[in-house]
Amino acid sequence: MTDIVERPQGVASRGAALGVHATEEAQKRLKRRYASEWRFRAYGLTAILISITALAVLLWSIVGQGYTAFTATTMSLTVTVDPALADPGGKRAQDDLRTGDFQGIARAGLRSVFPDVKERSDLRALYTILSNGASDAIRDRVLDNPALIGQQITVRIPVASDYDMYAKGFAAKTPKGGESRLSPKQIAWFETLKADGKIHSSFNIWFLTSGDSRQPELAGVGGAIIGSLLTLAITLAIAFPLGVMAAVYLEEFAPKNRWTDLIEVNINNLAAVPSIVFGLLGLAVFLNVFGLPRSAPVVGGVVLALMSLPIIIIASRASLRAVPPSIRQAALGLGASRVQVVTHHVLPLAMPGILTGTILSMAHALGETAPLLMIGMVAFIVDIPSGATQAATVLPVQIYLWADSPERGFVEKTSAAIMVLLAFLLAMNAIAIFLRKKFERKW
Amino acid sequence: MSPSLVFLAIAALAVFGFFLGRRRVLAMEGTRIRASIHSLPSYYGYYMALWCIVPAAAVMALWFVVEPTIIEGLVLSAMPESYRAMSANQLTLVMADIRNFAYGNAGTRTPDPAIADAVRNYHGLHETGAWIVSIVGACLGVAGFAIGFWRINPQMRARNRVERFAIVVMIIASTIAVLTTVGIVGSLVFESMRFFTKYPVFDFLFGTQWSPQTAIRADQVGSSGAFGFIPLFTGSLLITVIAMFVAVPIGLLSAIYMSDYASPRLRSVAKPVLEVLAGIPTVVYGFFAALTVAPFVRDAGSAMGLDVASESALAAGVVMGIMIVPFVSSLADDVIHAVPQSLRHGAYGLGSTKSETIRQVVLPAALPGIVAAVMLAISRAIGETMIVAMAAGLAANLTFNPFAAVTTVTVQIASLLVGDQEFDSPKTLSAFALGLVLFVITLCLNIIALAVVRKYREKYD
Amino acid sequence: MLATDTQTAAAPHAAHGKRVKMKATEVEVYYSEKRALNKINLDVREHEVTALIGPSGCGKSTFLRTMNRMNDVIDGCRMAGKILLDQQDIYDPNIDVVQLRARVGMVFQKPNPFPKSIYDNVAYGPRIHGLVRSREETDAVVQKSLERAGLWKEVKDRLHEGGTSLSGGQQQRLCIARAIAVDPEVILMDEPCSALDPIATAKIEELIDELRTNYTIVIVTHSMQQAARVSQRTAFFHLGDLVEVGDTAQIFTNPNDERTQGYITGRFG
């Protein structure tokens, strides 16, 4: 320390009465430093604003394109159920009725509204207003009550998608240069119907209850919702118990050795493996080796369970770790066995966190698409699945399928399906947040 | 008799066994002098219930795993000669057809007679199998019940046995993760090997031409599909780089701003926004990219006189970047918070401004963690499928022009495997080779990143 | 009683002929609603070491942190009263906190070198404040500061190794060198030796005594021996009050307040 005493006192720059930090130069430097401080803040704020804007634009574009799908344009059509068309055999048997020409009945009903339209080509143009759903609606009525044959009935039927789009004001906005899909004549007929009060706009319940269809006006997400629920139920039933047990073992019982290290590394890596690779696993192992049915929710559920498992394990372990060791020691000190300590004390205390993590991983699984494409859940499926081994599709895959369809009507349906999916996700996240808030505990 | 009903019956028997076991051990205690029960009575109940249900359930579960293979083998051996002579690939198709008819997934088609016979056979065997497994299951259940009942006595350490069983089950559960990895690696390597017997490894890894469509017919001997991996890799890379250019600055700056600057009000808005962005399914981002962003980019480009493809890499990359922003920001947030507060105080104590503290002390200290976060983000971008499947193209162009259309590894995997698959054509098998490469790349990135993170954590713990 | 104490404590400063460098008047600090300090009045004289002693949780560290506004970075911390640095209130809105901290440096309880090289640790302050323009000037400041901190001989051959590779005592001296390099007028030390072994502590104490010639030093310590060894004046804090302040010799031999008496004789604390 002697060197300090020897050298002259005071740093060279010192000496001015004001000190180095109060000179004019120092003030100037300070100004520059604050300018750069301000710029840095501005960058940060911009970054956050970009995120907020991106979310706003995304939601706005989807809601803006999709909200109209929740209303349907329908038409009241009065038709005479001509026995010659509905039941040419005259036996009134259900099977015969099923094959009746209800399309013809609907067309006749439409002709009676426009008696002036005689030309063949005009008639063809006129019929385009009828959706395939029209004949189905009449057939269903007649099947319910065969006595209606020969009588006049009025049915509410959806109009074809192009007219639906026109009614919702989209046809006017055809892409620049492109022609409207409806001719002036067709528009005039539609306006006539409208003027007669035969066109209605009502809540589109079909959209939520019916299965897929090639016709946008008949397509619904009902089948996809059921498929998603079946798939998710299987995912939950597999991933939750396995995940919790694995987490409890690794956190509470596992000895520290190479094997448990290997499991740990494995779990961390699996959590970051691209989801499409899980799809390849499902295809190669579950479909090709085990011969499980393609497109089935059971396979989708297992694949998604394997994908969610590491996420659930990681969340559960974090939650178990948050339980203070003092609680374990207290219970052990009273003579409880290690399994009792876990089942009586640790697990109940960690459960809210485990459930939160599980719900979030289920939300993630609900939105997952890529692995399901690999195992064939991408098929066009009209029927609503009634079991886990039946061919089904799920909401995100339905969105993917519709997004590929060129018709304007499907753009609306796709956006609406996204809204339904987001609503499910929002609900799940809300439950998770509620759980976290309600049982939040600070040790 | 259906196996599921039998299973329910066994489960009911197990519940009954639980109460019976509890009663039995209590009753036994009463009959003996100085007898004290080793464990709580309910453990004897669990003991009995487990004996009753576990062997039966294990055998029944095993049956459901092996059933399809056995039945299909039997069905096949009973089919006419012409079918048995078919190639493995054709047989897979026939089997799939039979399955479809059997499960009622075939629609209204009518099967040809041989198939119809096979379907009937399938149903018959299925039924026989169900009978056998039901009877075996029921016997095991009852036998287990009896064994459990017979073994219960107050000296038996029921708690230890039940707990040991519980731990064994937990150990099995924890090995599922390892089995999953083994399954992934096994299936990818196995199918890739099959691919590489048809197409040279070297040509795959270093070929610059990708056009699987020409090889669509398996019977075209020497069909000359080109499976060069390079253009797919550059496509993935291009889109990933664009995504990183969006995600890293925005994510990092958001994390910094949120942790050091934002008012509670702004934080209460921005945090949920980032969480929502993180929770939006990728298929939604894909739709957004394809329908909103791509046309916008194309129009903006043509307004500036640029030639922009309608499925430009730029649009997909930017949307993917937005998707990854919350991922980067939450990882960066963790990393920034791991930097000890004392370092900040040290810097403030020397008269640093906030931004000087962050840029010159916090960020350098957090650098390893941030690098790891970016690596994880890259791994995520490379593995992302839906955005590129919907917004990027299918044509494999070897280009680094962000305005051109490129395709990626994941898009090709998806497009090769959606629809009919023929497991002896290089076209289908190449998807697994792509999957293997994808798996290896992301695995390397993840392992390095996790190692860096672990080291970094240790430094400040 | 408190008032008379501080009055008597403040009075002798004219007699010593030493300038008052910092002056605290009626300082109160609240953490959210909890009051941590009650109306503290204290003078800190130039080129002296002032020791703040007292049992843990008595507010001495809190008071120290008000002197260069380090409490600003703690959420929910509020302060009332005045602290003058050369007749200027440091809580005046016109005062720039960055500049203030350059003039009133701080050394923390736990050594907290930045994860940079030894050289960069010391050069950091001069660089951000623009005190150096060239490599040569930086070299000179780094060397001078390390010399003053008594660390130069030990590290001159490994200036570009990480600052965290040093031993605890060396790290703390590095932090002192880092503080000196900014050329402050006052150095605040918050229990600088509490994480160190006795040998390292002795070195730092020696260093503090030498630094007094150039700087004004305020040190918080929980060790009365340390206060007796290094300081000229001692202030005793208890439960958020400044009980007594006076010359170190007087406080340790003949305290006015019985609480001080009790503390230094080890009855509590």
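Here are a few questions and answers about this predicted model.

Residues count from 1 along each chain as its sequence is written, with chains lettered from A and ligands numbered from 1 in the order in which they are written. In this predicted model, local features need pLDDT of at least 70, side-chain atom pairs count only at pLDDT 80 or more, and totals for chains, interfaces and linings use all residues, while side-chain values use heavy atoms, leaving out hydrogens and water.

Q: How far apart do the C-alpha centres of domain 1 and domain 2 of chain A lie?
A: Chain A splits into domain 1 (68-203) and domain 2 (222-439), with bounds from an automatic or database domain assignment. Between their C-alpha centres, the distance is 45 Å.

Q: Which residues of domain 1 of chain A are in contact with domain 2, or rather, how many?
A: Contact here means heavy atoms within 4.5 Å. Seven residues of domain 2 of chain A take part on one side, and on the domain 1 side the number is eight.

Q: Which side chain meets Lys168(A) in a salt bridge?
A: A salt bridge is a side-chain nitrogen of Lys or Arg within 4 Å of a carboxyl oxygen of Asp or Glu. Between domain 1 and domain 2 of chain A, the count is one. For Lys168(A), at 3.1 Å from N to O, the partner is Glu412(A).
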